Amino acid sequence: MTQESIGFVGIGLMGHGMAKNIVTKGYPLTVTPHRNRAPVDDLIGRGATEATLEDLAARSTIIFLTLPGSPQVAETVARMAPHLKPGSVVVDCSTSDPTVTTRLAADLAAKGVHFADAPLSRTPKEAWEGTLDCMVGATDEVFTRIRPVIATWAAKIVHIGGVGDGHRMKLLNNFLSLSYAAIYAEALAVAAKVGISTATFDSVIRGGRMDCGFYQTFMGYALEGNREAHRFTLSNAYKDLRYLESMANAAAVTTTMASAAKNSFAGAVAQGGAGPEDYVPHLTDFVARANGVRR
């Protein structure tokens, strides 16, 4: 393989598994410090090295970012920019605002640095197994270059189009999945109010036309009580739907459904669901509580 030197910034729930696959599949890897030492130490034990953000930027030819959102991505890119090598590639795997993505790409292009967006779909389990889905926005040349590295942690890789298109598609993807979550949570609240148990509800939906993988992970908590069935926070869901709403507004599209789903998550976050372990399936509790339903 063409030997690229990989940098990875953001080794949280998703990033740890992604970075693990990069280093164990033969690429030299540099990571930055993280507030949680466990993933850093694990990756160092597998052959990665640790460096400051500035040193990582100077020594890497491809740098992956998995950060909470566009403000953190923009701040990180600004710190790296003076140290990046001409010809290097920054790949934003976060779910970000496409307008920020295109601006950062233009800023880095002026320095001879490439930018791509490669947001993810699925969960930390698939990140660890190397079977994530990935939507890439990049030029053909950059896509060809970064694809082998992405393939260490993704099983399905789709080249959506130019820079920003990956993030646009990711927002549409999350619009669908998070709207499902809002519908499931509300349906379960209605079911409880009219005397239909969660188990009975599930016995009808599971295995039928309305069943899907997202439904099953959601019900992993709502029915089975597994708080970690889908480790994607309510706060991140709320952020993603705000980005989607902004994108739709800029395109002059009404957001009847998107805004309704966003408001469901806004209510959960406002009720105290803003913590690092408040995950999307827990939405069912907040919607139930708002309707006087005890779970």
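User: Which ring does the charged end of Arg289 sit over, and how far is it from the centre?
Analyst: First, a caveat: this is a predicted model, where local features need pLDDT of at least 70, side-chain atom pairs count only at pLDDT 80 or more, and totals for chains, interfaces and linings use all residues. Residues are numbered from 1 along each chain as its sequence is written, and side-chain values use heavy atoms, with hydrogens and water left out. A charge sits over a ring if NZ of Lys or CZ of Arg is within 6 Å of the ring centre and within 35 degrees of the ring normal. For Arg289 the ring is that of Phe286, and the distance from its centre is 5.0 Å.

User: Which ring has Lys20 over its face?
Analyst: Here the distance from the ring centre is 4.6 Å. The ring under Lys20 belongs to Trp128.

User: Why is helix α13 described as largely enclosed by the rest of the structure?
Analyst: Helices are DSSP runs (H or I, at least four residues) and strands are too (E, at least two), numbered from the N terminus. Buried means under 20% relative accessible area, exposed over 50%, and partly exposed in between, with a 1.4 Å probe and protein chains only. The buried residues of α13 are Leu283, Thr284, Asp285, Phe286, Val287 and Ala288. α13 (residues 283-290) is largely enclosed because the buried ones make up six of its eight residues.

User: Which helices do those buried residues of α13 pack against?
Analyst: Contact here means heavy atoms within 4.5 Å. On that basis, the partners of the buried α13 residues are α8 (165-193), α10 (213-222), α11 (234-250) and α12 (256-270).

User: How many aromatic pairs are there, and what geometry do Phe64 and Trp153 have?
Analyst: Rings of Phe, Tyr and Trp (its six-membered ring) pair if their centres lie within 6.5 Å; planes under 30 degrees apart are stacked, over 60 edge-to-face, the rest tilted. By this rule the count is seven aromatic pairs. Phe64 and Trp153 sit 6.1 Å centre to centre with 85° between the planes, so by the cut-offs the pair is edge-to-face.

User: Where in the chain are Phe64 and Trp153, and how many residues apart?
Analyst: Phe64 belongs to strand β4 (residues 62-65), while Trp153 is in the loop between α7 (140-150) and β9 (154-161). Both residues are buried. The pair links distant parts of the chain, 89 residues apart.

User: Which residues have the most contacts inside the largest nonpolar core?
Analyst: A nonpolar core is a set of buried Ala, Val, Leu, Ile, Met, Phe, Trp, Tyr and Cys residues joined through side-chain atoms within 4.5 Å. The largest one has 35 residues, and its largest share, five residues, comes from α7. The residues with the most contacts inside this core are Phe64, Ile150 and Trp153.

User: How do strands β5 and β6 pair, parallel or antiparallel?
Analyst: Two strands pair if DSSP finds at least two bridges between them. β5 (residues 89-92) and β6 (residues 114-117) have four bridges, and Val91 stands opposite Ala116 in β6. The sense of the pairing is parallel.

User: Is Arg122 exposed, partly exposed or buried?
Analyst: Arg122 is in the loop between β7 (120-121) and α6 (124-129), with a positive phi of about 100° although it is not a glycine. Its relative accessibility is 46%, so Arg122 counts as partly exposed.
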